[in-house]
Amino acid sequence: MKKQMPGIVSCIVMILLNLNVLAQQATIDSAVRPAAYSLRLGLFKSYPNSPKDIIFLGNSITQGVDWAELLQNPNCKNRGISGDITYGVLERLSEVTEGKPAKVFVLIGINDIEHNIPDTLIVNNYRRIIRQIKAESPKTKIYFHTLLPVNNEFTQFKKHYNKDEHIAFVNTELKKIAEEEKITLIDLHPHFLDASNKLDKRYTQDGLHLNAAGYQVWAGILKQYL
């Protein structure tokens, strides 16, 4: 019996560690929601759906522009919520898929990084988003964007800056997922870099969000996919 004790102790330790990880995931899933989440989601649910819809799904970077105006396409619909994370997108994803839209363009994850959600969980949530869209709206074409760079020479969003390694890891894994899941990957990241590998000041006024010039660059990249 004495010889078996170390093995039993190890098993108990592993069980406790796994329970702790599950508890952390549950807390992240249930607690981290932006203040405007319910309001925005309520508005989305009140709008009519069409199989011609081109949905732009994400956080404040998506919310920050009128996509129909920017792309001169009335089918483009904004489903961005400022401050949202991958868990928030998963929670509201059925609102998107119920209309069986023609296309969904996703950019999400930088706020997860800001909240210190582990990179592996962010990547796993990408898979969950893709697979849920496929299951609930099989004819919808799925497009995922890589995360944009940030610029720590600004001061407004300090918790988002200096996370370049996390952004790089998530983007690398997202490229692998896109290939595995046979979806289209739109690599935004390199288009917005300056010579110091930061978000180019020409395209931002706070080091995180895009300005009008930045959205014009994004629009140019999107033309081939619309």
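This is a predicted model: local features need pLDDT of at least 70, side-chain atom pairs count only at pLDDT 80 or more; totals for chains, interfaces and linings use all residues.
Residues are numbered from 1 along each chain as its sequence is written, and side-chain values use heavy atoms, with hydrogens and water left out.

## The paired strands

S3 also pairs with strand S4 (residues 141-145) in the parallel sense, over four bridges. Within this pairing, Val104 stands opposite Ile142, and Val106 stands opposite Phe144. S4 in turn pairs with strand S5 (residues 184-186), again in the parallel sense, over three bridges, and the bridge partner of Tyr143 in S5 is Thr184.

| Strand pair | Sense | Bridges |
|---|---|---|
| S3 and S4 | parallel | four |
| S4 and S5 | parallel | three |

Five of the five residues of S3 are buried, where buried means under 20% relative accessible area, exposed over 50% and partly exposed in between, with a 1.4 Å probe and protein chains only. The cover extends to both faces of S3, with Lys103, Phe105 and Leu107 on one side and Val104 and Val106 on the other. S4 is mostly covered as well, four of its five residues being buried.

Lys103, which lies in S3 (residues 103-107), is buried yet has no salt bridge, and the nearest side chain of opposite charge, Asp53, is 13 Å away. Here Lys and Arg count as positive and Asp and Glu as negative, with His and the chain ends not counted, and a salt bridge is a side-chain nitrogen of Lys or Arg within 4 Å of a carboxyl oxygen of Asp or Glu. Leaving aside neighbours within four places in sequence, Lys103 is in contact, meaning heavy atoms within 4.5 Å, with Asp53, Ile54, Ile55, Thr140, Lys141, Tyr143, Tyr225 and Leu226.

## Helices and core

Helix H5 (residues 86-97) has 12 residues and reaches 16 Å from its first C-alpha to its last, close to the expected 16 Å, the expected span being 1.5 Å times one less than the number of residues. Because 10 of the 12 residues of H5 are buried, this helix is largely enclosed by the rest of the structure; among the buried residues are Tyr87, Leu90, Arg92 and Glu95.

Ile85 lies in the loop between strand S2 (76-80) and H5, and it is buried, with a relative accessible area of 0%. Although Ile85 and Arg33 are 52 residues apart in sequence, their C-alpha atoms are 7.6 Å apart in space. Not counting residues up to four places away in sequence, Ile85 touches Val32, Arg33, Ile108, Asn111, Asp112, His115 and Ile117.

The largest nonpolar core has 59 residues, of which Trp67, Tyr126, Phe144, Phe192, Leu210 and Trp218 touch the most other members. Helix H7 (residues 119-136) gives the most to this core, with seven residues. Such a core is a set of buried Ala, Val, Leu, Ile, Met, Phe, Trp, Tyr and Cys residues joined through side-chain atoms within 4.5 Å. Leu210 is in contact with Ile61, Leu148, Phe192, Leu199, Tyr203, Tyr215 and Trp218, leaving aside its neighbours within four places in sequence.

## Loops and overall arrangement

Lys100, in the loop between H5 and S3, has a positive phi of about 50° although it is not a glycine, and it is partly exposed, with a relative accessible area of 42%. Asn116, in the loop between helix H6 (110-114) and H7, likewise has a positive phi, near 60°, and is exposed, with a relative accessible area of 61%. Most residues other than glycine have a negative phi.

The protein has nine helices and five strands, and buried residues make up 49% of its 226 residues. Among contacts between residues at least 6 apart in sequence, 73% join residues at least 24 apart.

Conventions
Helices (H or I, at least four residues) and strands (E, at least two) are DSSP runs, numbered from the N terminus. Two strands pair if DSSP finds at least two bridges between them.
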